[in-house]
Protein chains: 4
Amino acid sequence: MPDVLVAGASGYAGALAARLVQRHPEFHLRAVTSRSDAGRRLSELYPHHRVDLVLEPIDLDEHSDVDAAIVAYPHGASAPLVAALHERGVRVVDLSADFRLRDLAVYDATYGEHGAPQLLPDAVYGLPELYREQLRGADLVAGPGCFPTAALLALAPLARAGLVGGVVIDAKTGVSGAGRAATDVTHFVSINENISPYKVGAHRHTPEIEQELAVLGADLPISFTPHLVPVDQGELISAYVDLSGPLDQAALVGLFRDAYEDEPFVELYDTPPGVFDVQGTNMCRIHVHAEERTGRALVFAAIDNLWKGTSSQAIQSLNLMYGYDEETGLW
Amino acid sequence: MPDVLVAGASGYAGALAARLVQRHPEFHLRAVTSRSDAGRRLSELYPHHRVDLVLEPIDLDEHSDVDAAIVAYPHGASAPLVAALHERGVRVVDLSADFRLRDLAVYDATYGEHGAPQLLPDAVYGLPELYREQLRGADLVAGPGCFPTAALLALAPLARAGLVGGVVIDAKTGVSGAGRAATDVTHFVSINENISPYKVGAHRHTPEIEQELAVLGADLPISFTPHLVPVDQGELISAYVDLSGPLDQAALVGLFRDAYEDEPFVELYDTPPGVFDVQGTNMCRIHVHAEERTGRALVFAAIDNLWKGTSSQAIQSLNLMYGYDEETGLW
Amino acid sequence: MPDVLVAGASGYAGALAARLVQRHPEFHLRAVTSRSDAGRRLSELYPHHRVDLVLEPIDLDEHSDVDAAIVAYPHGASAPLVAALHERGVRVVDLSADFRLRDLAVYDATYGEHGAPQLLPDAVYGLPELYREQLRGADLVAGPGCFPTAALLALAPLARAGLVGGVVIDAKTGVSGAGRAATDVTHFVSINENISPYKVGAHRHTPEIEQELAVLGADLPISFTPHLVPVDQGELISAYVDLSGPLDQAALVGLFRDAYEDEPFVELYDTPPGVFDVQGTNMCRIHVHAEERTGRALVFAAIDNLWKGTSSQAIQSLNLMYGYDEETGLW
Amino acid sequence: MPDVLVAGASGYAGALAARLVQRHPEFHLRAVTSRSDAGRRLSELYPHHRVDLVLEPIDLDEHSDVDAAIVAYPHGASAPLVAALHERGVRVVDLSADFRLRDLAVYDATYGEHGAPQLLPDAVYGLPELYREQLRGADLVAGPGCFPTAALLALAPLARAGLVGGVVIDAKTGVSGAGRAATDVTHFVSINENISPYKVGAHRHTPEIEQELAVLGADLPISFTPHLVPVDQGELISAYVDLSGPLDQAALVGLFRDAYEDEPFVELYDTPPGVFDVQGTNMCRIHVHAEERTGRALVFAAIDNLWKGTSSQAIQSLNLMYGYDEETGLW
């Protein structure tokens with residue numbers, strides 16, 4: 001049974017990853033590390049996860065003696081640790097943005113100088129529904145951003161069919177997406193009874209979505225705007241696609257059914273999804289609507305930003321990397 | 001001092017209208033009526049409004065002896081009462097959809113048969129920022145829907161400038177917009193920790209927005225999708241406009257500044273608005289962003305759906321109808 | 001593997017019970033029934049439970065051909081169905097109040113006439129921490145109320161030690177405790193931004209708590225007041241106990257440690273519990289404080305009202321009834 | 001018209017005080033100061049208060065040239081500023097704990113060394129319902145804590161009647177009571193879907209409540225435990241009073257009616273109060289229940305912790321200090 005390290009386990013994503021590894025029948029949670037909370041028990045920070053391990057300071061000599069690692073560091077801080085683990089033969093799923101962008105110049109413009117650019121070509125984009133074959137046996141996986149996860153699942157069938165003439169993505173997310181840091185933004189009083197857009201015109205997930213859409217056949221600039229709403233976990237993508245050709249409801253549904261009918265973690269539904277439907281799961285629930293009046297397709301995709309958007313998707317990738325059934329430990 | 005009747009005061013909109021009339025220095029709240037809760041005190045249903053009047057059953061003989069009425073009935077039920085009051089010389093602000101649409105065929109297709117079609121030509125659309133002159137001295141005012149209020153304030157400057165090539169409106173609203181009726185949808189457990197789109201492709205406010213956009217010079221079908229989020233009061237419109245010509249940030253801001261700099265209830269802001277900023281006020285707070293990369297203008301408009309979106313805007317109209325300062329009783 | 005029926009599965013408690021049975025490794029979920037929603041899929045009502053069965057109308061001929069049943073009917077309606085199933089040899093865990101009170105006169109005064117009083121002597125009170133031995137092999141189990149569950153776990157060690165001189169219980173609960181019915185009380189707008197006591201001096205769980213406290217050695221009238229707060233699931237009991245003898249913090253902690261150190265589902269903690277710590281679990285988390293200044297012991301107990309307070313506790317009892325490990329299917 | 005300074009206006013209490021002064025017909029808001037946010041506009045921090053002044057660093061030479069000041073500093077930091085203003089002839093309402101406790105030893109034990117002990121005898125406790133006469137013309141007023149405000153209004157009639165044999169106060173409060181500081185505790189994710197007690201057995205408001213209860217005739221140690229719930233503003237006190245003599249419902253109601261029938265800001269109600277009923281007001285809403293079964297009186301009191309609990313009550317005191325009608329500017 002492979003030993004797994006979770007580095008950066010004091011944040012929301014790392015803590016959930018630790019819980020999922022601990023309960024996984026085929027992995028062993030070897031250690032959890034934290035830069036800010038070393039010495040405290042993870043169960044003290046997150047009682048509901050019930051992972052009763054002490055957070056340790058990272059120690060490469062000791063901690064690189066594992067088979068795999070999930071790294072939940074902030075972008076920029078992640079690359080050096082991932083490189084060090086990779087060099088020591090540890091298979092890594094990185095949850096930061098550091099290995100998602102293939103074009104170094106785009107990375108630098110978006111996040112600043114890259115700490116391990118030599119590894120960019122090796123990284124597989126960890127969205128199993130799009131990169132399943134490449135993930136089998138991969139050594140280095142870049143976990144997608146939560147917004148790109150839902151957005152790409154919402155848009156892939158249309159992009160592959162060459163039908164995308166324009167894209168507006170309006171996203172709504174719960175507060176856990178903003179991380180554990182206590183700030184003016186995450187204060188209860190700032191969030192409660194409020195709805196607000198943020199990073200208008202400048203969110204870092206935009207180039208990531210555009211990169212992957214281009215791979216799928218839709219190479220165009222998109223509008224992407226996230227909004228913060230008073231919810232803990234959950235994310236809804238509302239995608240408005242200008243169609244480059246005619247498409248009625250039956251054809252639109254058919255396109256998505258063909259794409260996803262064998263996917264264990266994508267559900268196509270007749271009614272609009274709510275994020276509560278998928279909270280605490282690895283599911284992406286999708287609803288499509290052909291708006292013939294405007295020539296647009298409307299696609300709504302709901303995920304749990306911490307699960308399918310981050311940590312459970314990392315387990316899904318890890319399952320593939322080790323040749324396990326993709327669903328292991330995810331129900 | 002004109003005597004004012006509020007009919008349908010047991011719903012959220014009517015109750016707030018009653019409170020605003022009661023505190024207004026130039027109007028006298030004569031009576032409040034209710035079909036479902038006659039006999040109860042309004043202060044029992046809504047303690048925080050502190051309007052200590054008994055809800056009466058409507059009695060045209062008695063209640064038409066007022067100067068003005070705010071009618072807060074559901075669409076369809078409203079037209080006959082409005083017609084009866086109008087016939088008796090009462091000036092009316094109607095909060096339902098019954099007098100908003102100018103094309104009877106569109107009304108019938110959207111809401112069913114109209115109860116007083118002969119009055120449609122007389123009704124003034126009660127959005128003071130667009131119809132101020134017509135509202136002065138008007139006898140019959142159709143209060144706009146809450147979504148059209150924010151959407152039209154967000155789009156009017158672009159529509160008048162002939163710059164609108166395509167429109168996607170993604171709206172988020174608090175639960176009071178769904179009304180006081182206790183249903184599966186409005187149950188706390190359905191709303192809490194949830195985000196969900198509703199009436200996808202079929203919301204009744206779409207033809208209303210399209211009608212008024214056409215008047216402003218943008219005659220085109222639009223996409224409009226509302227989403228329900230766990231908030232009491234508040235509504236955010238995120239409008240994505242395909243520009244038919246080039247427009248940079250300075251020009252976009254200039255367009256909106258010219259349109260709104262003298263408006264007492266429209267605020268142009270440098271940062272994206274949150275609905276909490278306008279909760280309990282008659283303000284509409286707007287932020288604009290020229291996204292040159294995609295050729296779109298992004299416009300965000302926040303209102304309180306019960307205030308500027310419904311009841312306080314009705315007072316704003318009533319002020320104009322009586323020649324008072326438009327801001328009277330609204331601070 | 002025993003076949004299990006869940007009757008009344010369209011309510012919150014029944015739906016969760018169905019999900020827990022379905023995922024249980026030693027039980028088979030045979031059917032789910034509903035009086036109000038027969039014909040609909042359970043997965044349509046509760047997508048997040050992912051129980052894809054059609055709700056059937058109850059049919060004793062067909063449905064009594066199971067080994068066990070969990071009955072989630074309202075009090076009063078439950079007794080006849082429980083009696084019918086019991087007569088046909090089905091082992092039953094009843095989630096209603098119908099078999100909790102041993103004194104028929106108290107039942108009648110609290111809930112009205114009883115539908116199957118002859119069964120009262122047979123029913124075992126389904127709180128495993130207090131009635132473990134009686135539950136092994138039982139045929140009829142009365143699942144405790146959610147408030148009594150937490151209150152009795154909070155008070156049992158003190159009651160058994162003869163230290164209880166007076167009891168005030170102040171409870172706070174999430175809205176799911178009020179059930180799925182859409183009412184003025186459960187409307188989002190009624191709950192959000194609100195905190196309110198209800199059934200002051202008259203809650204039906206009071207005699208149930210008093211009955212069981214008397215069994216434990218504390219036969220006295222208590223004050224019990226529940227409060228509704230804007231939370232989905234979760235319940236906190238704050239118990240203020242006038243001590244009949246001296247007790248310092250070490251002795252108080254010792255008393256609780258002795259009582260619960262071997263209990264798999266009761267956690268004693270050094271810090272006050274939050275309901276989020278136990279949400280979605282069968283745990284009861286307890287914190288005790290000896291307030292020597294006032295001669296009181298303060299005990300705080302947090303549970304998930306739908307899990308340990310109702311449905312997962314029913315599974316815990318069912319495990320005991322079948323001789324399985326008590327924790328089976330509960331992690 | 002007296003010039004008023006609000007010092008410490010970047011916190012919740014100070015910001016609201018500034019808004020209330022600005023809208024007050026008889027006071028002029030001269031300046032707002034802040035130690036942490038000097039240079040920013042108050043309207044940028046709190047858009048919904050609409051006070052468009054720049055926060056200044058405190059400057060005694062300049063700012064003591066006012067008639068009155070509301071000081072919203074943390075305890076300990078407040079005393080020196082209050083003393084300096086007092087010395088310069090400025091009338092002060094202090095919102096901190098620094099002048100609430102009459103016994104210096106109790107202050108020191110609770111909050112640390114006092115910065116201006118010589119002023120303690122001069123300070124009037126700013127609860128107008130108890131100290132109205134002393135407040136008329138006072139120069140230095142100590143605004144009560146929010147919990148003591150509600151607790152004392154709930155208990156005063158019983159204490160004065162000599163009926164208090166024991167007191168348990170269980171309080172529930174919204175998050176604004178924890179202040180504007182962004183911490184783990186105030187993070188949205190920590191509060192949402194949570195209910196938790198805090199400062200068990202050790203809250204600093206306990207000696208304040210006991211001091212004032214003793215003045216009223218009930219000199220005894222009390223149990224007081226606050227709980228944090230997911231609400232912005234609002235506070236509910238549930239008081240359980242062991243009666244030292246018999247009292248039925250009619251007598252209990254009579255006692256409270258006599259005490260409060262002429263109070264403009266205390267409402268006695270037949271049904272339990274919700275905090276939403278008083279949100280954004282200076283009201284305290286009270287419900288009493290004689291529980292003859294246990295010999296206790298249950299008293300529930302709801303206030304808005306930032307309004308009647310802090311800032312609007314400061315205005316109420318300021319009105320009295322200046323001889324204005326107590327209700328001025330508070331509706």
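Just after helix α7 of chain B, B:Gly162 takes a positive phi of about 70 degrees, where helices (H or I, at least four residues) and strands (E, at least two) are DSSP runs numbered from the N terminus. This is a predicted model, in which local features need pLDDT of at least 70 and side-chain atom pairs count only at pLDDT 80 or more, while totals for chains, interfaces and linings use all residues. Residues are numbered from 1 along each chain as its sequence is written, chains are lettered from A and ligands numbered from 1 in the order in which they are written, and side-chain values use heavy atoms, with hydrogens and water left out.

**Helix α7 of chain B**

- The helix covers residues 146–160, and its end C-alpha atoms are 21 Å apart, which agrees with the 21 Å that 15 residues should span at 1.5 Å a residue, the expected span being 1.5 Å times one less than the number of residues.
- A kink of about 35 degrees lies at B:Ala154, shortly before the proline B:Pro157; the bend at a residue is the angle between axes fitted to the seven residues ending there and the seven starting there.
- Of the 15 residues in α7(B), 14 are buried, that is, under 20% relative accessible area, with exposed meaning over 50% and partly exposed in between (1.4 Å probe, protein chains only).

**Helix α4 of chain C**

- Seven of the 10 residues of this helix (residues 78–87) are buried, so it is largely enclosed by the rest of the structure.
- The buried residues, among them C:Leu81, C:Val82 and C:Leu85, pack against β1 (3–7), α3 (60–63), β3 (68–71), β4 (91–94) and β6 (140–142) of chain C.
- After α4(C) comes C:Gly89, which has a positive phi near 85 degrees.

**The interface of chain D and chain C**

- Chain D brings 45 residues to the contact and chain C brings 45 residues, contact meaning heavy atoms within 4.5 Å.
- About 3,600 Å² is buried between the two chains, and carbon and sulfur atoms give 57% of that area, which is the accessible area (1.4 Å probe) that two parts lose on being put together, summed over both.
- On the chain D side, D:Glu193, D:Ile195 and D:Arg293 lose the most area to chain C, together 20% of what that side buries.
- There are four salt bridges between chain D and chain C, each a side-chain nitrogen of Lys or Arg within 4 Å of a carboxyl oxygen of Asp or Glu.
- D:Lys172 forms a salt bridge with C:Asp170, with the closest N and O atoms 2.8 Å apart.
- Strand β7(D) gives the most to the side of chain D that touches chain C, with seven residues.
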